[in-house]
Amino acid sequence: MASITTSTPLSLSSSSAPNAKAPHRLPAAASITLPTPTPAAAQSYSPLANTIAYCRKTARNVVARATGEAPVEVVDTTTETPEIVKTIQEAWDKLDDKYAVTSLAVAGGIALWASAGMISAIDRLPLVPGVLELVGIGYTGWFAYKNLASKQEREVLIQKIKDTYSDIIGSS
């Protein structure tokens, strides 16, 4: 940072040529001094002033770019609603008890939040995550052995999945 110092007198006289035309010497009372910095000039070196100056420069650049000749894109404001949104809107309009459906959705969200908190609390216990991982690996192995080992068992599993899917979605 720059420091504020008091000025010292500066003389403009020269003594290089004794017999030549000597320049006019200024008397000591009329000597030229450097001006002392004012408090406003001292403040201009502060980090805040530098930041403000940079922000003003950036703002000028942004305004200059915003008023420049940029290519104009034509935006089509008549976009159609996606098919899934239309389906959801139609299903919502067909509902008789919207209060019950909304209540179930809120209760489901709260249950999901609570279960996530409980799982994260269990995950913080020292041995539980490792044990649960082993249980998951064991169950995955048992499921693969029981349902995926032979072609007949795979076909039964696929048919069971299709039946469950049609029960949930309904037949159309």
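Mentor: Helices (H or I, at least four residues) and strands (E, at least two) are DSSP runs, numbered from the N terminus. This is a predicted model, where local features need pLDDT of at least 70, side-chain atom pairs count only at pLDDT 80 or more, and totals for chains, interfaces and linings use all residues. Residues are numbered from 1 along each chain as its sequence is written, and side-chain values use heavy atoms, with hydrogens and water left out.

Trainee: How many helices and strands are there in the protein?

Mentor: There are six helices and two strands. From the N terminus on, the order is β-β-α-α-α-α-α-α.

Trainee: What makes the pair of Y139 and W142 tilted?

Mentor: Start with the rule. Rings of Phe, Tyr and Trp (its six-membered ring) pair if their centres lie within 6.5 Å; planes under 30 degrees apart count as stacked, over 60 as edge-to-face and the rest as tilted. The count by this rule is two aromatic pairs. For Y139 and W142 the centres are 5.5 Å apart and the planes stand at 35°, so this pair is tilted. Y139, W142 and F143 form one aromatic cluster.

Trainee: Why are Y139 and W142 separated by about one helical turn?

Mentor: They are three residues apart in helix α5 (residues 128–147), so about one turn separates them. An α-helix has 3.6 residues a turn, so residues three or four places apart point the same way.

Trainee: Why is W142 called partly exposed?

Mentor: Buried means under 20% relative accessible area, exposed over 50%, and partly exposed in between (1.4 Å probe, protein chains only). W142 has 46%, so it is partly exposed. R154, in helix α6, has 36% and also counts as partly exposed. Buried residues make up 1% of the 172 residues in the protein.

Trainee: How do you know that the reach of α6 is close to the expected one?

Mentor: The expected span of a helix is 1.5 Å times one less than its number of residues. Helix α6 (residues 151–169) has 19 residues, and 27 Å is expected. From first C-alpha to last, α6 reaches 27 Å. After α6 comes G170, with a positive phi near 95°.

Trainee: Where does UniProt place the feature "transmembrane region"?

Mentor: The unreviewed UniProt entry places it at residues 99–121 and 127–145. UniProt positions are given in the numbering used here, feature names are shortened, and annotations may be inferred rather than shown by experiment. In the model, residues 99–121 are 100% helix and 0% strand, with end C-alpha atoms 33 Å apart. Residues 127–145 are 95% helix and 0% strand, with end C-alpha atoms 28 Å apart.
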